[in-house]
Amino acid sequence: MFNFFKKKEKDIIPGLLPFSTDIHSHILPGIDDGSPDIDTSLQLVQGLYDLGIRRSIATPHIIGDMYRNNASTIFAALEKLKEACANAGIHIELSAAAEYMLDDYFLELLRNNEPLLTIQDNIILTEISYTSTPENLDEILNGITAAGYVPILAHPERYHYFQQNLSGYQQLKEMGFILQVNILSLAGYYGKRAQKAARFILDNDLAPLVGTDLHHHRHLEALSNADNRILFREVLGDKVLNDLDLVLKTA
Ligand SMILES: [Fe+2]
């Protein structure tokens, strides 16, 4: 009986996500490993809206040997989704950038002075391989800053190398990366090591940004889970998150 009431009380107070701007997701239809079609995209956007997201910057992958997205593929998919949202009456501000894998293809884009797709102003979202950190990360970062961009590094808590070297997160920050934690890492969605690393990063105020990295319905279910939402609030409740203007001022 006691447990029943306790559970019920918890169900009443999970609340919304502790941020209203999402800077990392794969909700655009049919261009990466995220949403496969417009119906799924619409359901994912509705889910984000129901969790309190009012501004969403979609970030499809650009990975040389898998998803060679560019401005045309991304903005065509964005327009499709915007139109579907307008027709469905979902009032959310949608825009798009990309999640750039820091691979040879990315270096080629930099060398060719291709304009990169930015989250806001000159901020780009980047990722590295989960299993092996590029040896020339320093050099790549120099190339990014020389081209006038400020890089966010997505989900640092998921990279195996850094999970075993937590002090490396401070170094990444000092190098000039702005760290963005996936909120689902806090709930253990990506395993215990990523969970521990996410807590370390956030408890030490090393990441001003969090994101959903929403790809599919399983992510949405985990984001909507009442216990998880209470946990997100407990860990992040007092922090100023996802204020891109502030991030730029301090970058
Ligand atoms: Fe992502």
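Analyst: Happy to! Strand 1 (residues 21-22) and strand 2 (residues 55-58) run parallel and are joined by two bridges. Strands pair if DSSP finds at least two bridges between them; strands are DSSP runs (E, at least two residues) and helices are too (H or I, at least four), numbered from the N terminus. This is a predicted model, where local features need pLDDT of at least 70 and side-chain atom pairs count only at pLDDT 80 or more, while totals for chains, interfaces and linings use all residues. Residues are numbered from 1 along each chain as its sequence is written.

User: Which residue does D22 stand opposite in strand 2?

Analyst: D22 stands opposite S56.

User: Switching topic: what is the order of the six strands in the open sheet?

Analyst: The order is 3-5-6-7-8-9, with parallel pairing. Strand 3 (61-62) and strand 9 (209-211) each have a single partner strand, so one side of each has no neighbour in the sheet.

User: How many bridges pair strand 6 and strand 7?

Analyst: Strand 6 (residues 123-127) and strand 7 (residues 150-154) pair over four bridges, in the parallel sense. T126 has L153 in strand 7 as its bridge partner.

User: Nice! Which residues is L179 in contact with?

Analyst: Beyond its neighbours within four places in sequence, its contacts (C-beta atoms, placed from the backbone, within 7 Å) include L153, Y169, I201 and L209.

Methods. Two residues are in contact if their C-beta atoms, placed from the backbone, lie within 7 Å.
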